[in-house]
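Reader: I am new to this structure and would like to learn how to read it. Could you walk me through some features?
Author: Gladly; let us look together.

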Amino acid sequence: MATAKKISLSEEELVNALKRQDTIAIKALYDMYSGALFGVISRIIQQTEIAEDVLQETFVKIWNSAGSYDSSKGRLFTWMMNVARNLSIDKLRSKDFKNSNKNQDIENNVDFIDQQKKVSFNADTLGLKEMVTTLKPDFKDVLDMVYFKGYTHVETAEELNLPLGTVKTRVRMAILELRKKFN
């Protein structure tokens, strides 16, 4: 049985192909980033089926919004991770998601609990976990809450008992520190 060859493009090639809406871009995007984006989504939305739907929505949004990506503001992966994170949070806050969780019977809840234990985000494959742990504890705490646990800036500020501006500044500073490690 032959395996399909994975497509890999440089970030610049990928961005240009996305902006041209070249079909190779969506294939490369999926091959290169689906695992990492699914990891981000599944940390926020722990039901696999819904997380997979959000991953699909993420790729559609990236495809349709590629023209708005500005490489001077950050790396493509960071932008895509934010798209995935924001769609995940939007899904959690949506009325249909909240209602579907209220209406599950006990059998579905047992399956849901079993599925939760199997879902894990492996940041090690990207080296992110190691990089985040090298940050100052203040930066590490806010990144963990905002990017890996799905908290909003406001929720993070409330949980850590910090002013909202401080949380936003720490997130920005932490991202700048991480960006240095990628260069």
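**Reading the helices and their contacts**

Author: Let us start with a pair of helices: the axes of α2 (23-44) and α4 (76-93) come within 9 Å and cross at roughly 40°. That makes α2 oblique to α4, since angles under 35 degrees count as roughly parallel, over 145 as roughly antiparallel, 65 to 115 as roughly perpendicular and the rest as oblique. Axes here are lines fitted to C-alpha atoms, for helices over the stretch in contact, with angles from 0 to 180 degrees between N-to-C directions. This is a predicted model, in which local features need pLDDT of at least 70 and side-chain atom pairs count only at pLDDT 80 or more, while totals for chains, interfaces and linings use all residues. Residues are numbered from 1 along each chain as its sequence is written, and side-chain values use heavy atoms, with hydrogens and water left out.

Reader: Which residues of α2 and α4 make the contact?
Author: Contact means heavy atoms within 4.5 Å. From α2 come Leu29, Tyr33, Ala36, Leu37, Val40, Ile41 and Ile44, and from α4 come Phe77, Met80, Met81, Ala84, Arg85, Ser88, Ile89 and Leu92. By class there are 13 nonpolar, one polar and one charged residues; Ala, Val, Leu, Ile, Met, Phe, Trp, Tyr, Cys and Pro count as nonpolar, Asp, Glu, Lys and Arg as charged, and the others, Gly among them, as polar.

Reader: Is the crossing of α2 and α4 left-handed or right-handed?
Author: A crossing is left-handed if the near helix is turned anticlockwise from the far one by less than a right angle, and right-handed if clockwise. The crossing of α2 and α4 is right-handed, while α1 passes α2 in a left-handed crossing. Leu14, Ala17 and Leu18 of α1 meet Ile24, Ala25, Ala28, Leu29, Met32 and Tyr33 of α2. That contact has nine nonpolar, no polar and no charged residues.

Reader: How many helices and strands are there in the protein?
Author: Helices (H or I, at least four residues) and strands (E, at least two) are DSSP runs, numbered from the N terminus. The protein has ten helices and zero strands.

Reader: How do I read a nonpolar core?
Author: Think of a set of buried Ala, Val, Leu, Ile, Met, Phe, Trp, Tyr and Cys residues joined through side-chain atoms within 4.5 Å. Here the largest has 47 residues, and those with the most contacts inside it include Leu29, Leu37 and Met80. Among the helices that each supply at least two residues of this core are α1, α2 and α4. Leaving aside its neighbours within four places in sequence, Met80 touches Leu29, Tyr33, Leu37, Thr58 and Ile62.

Reader: Is Thr156 buried or exposed?
Author: Buried means under 20% relative accessible area, exposed over 50%, and partly exposed in between (1.4 Å probe, protein chains only). Thr156, in helix α9, is buried, with a relative accessible area of 0%. Buried residues make up 37% of the 183 residues in the protein.

Reader: What should I know about phi?
Author: Most residues other than glycine have a negative phi. Gln21 has a positive phi of about 55°; Gln21 lies in the loop between α1 and α2 and is partly exposed, at 40% relative accessible area. Asn161 has a positive phi near 55°, sits in the loop between α9 and α10, and counts as exposed at 70%.
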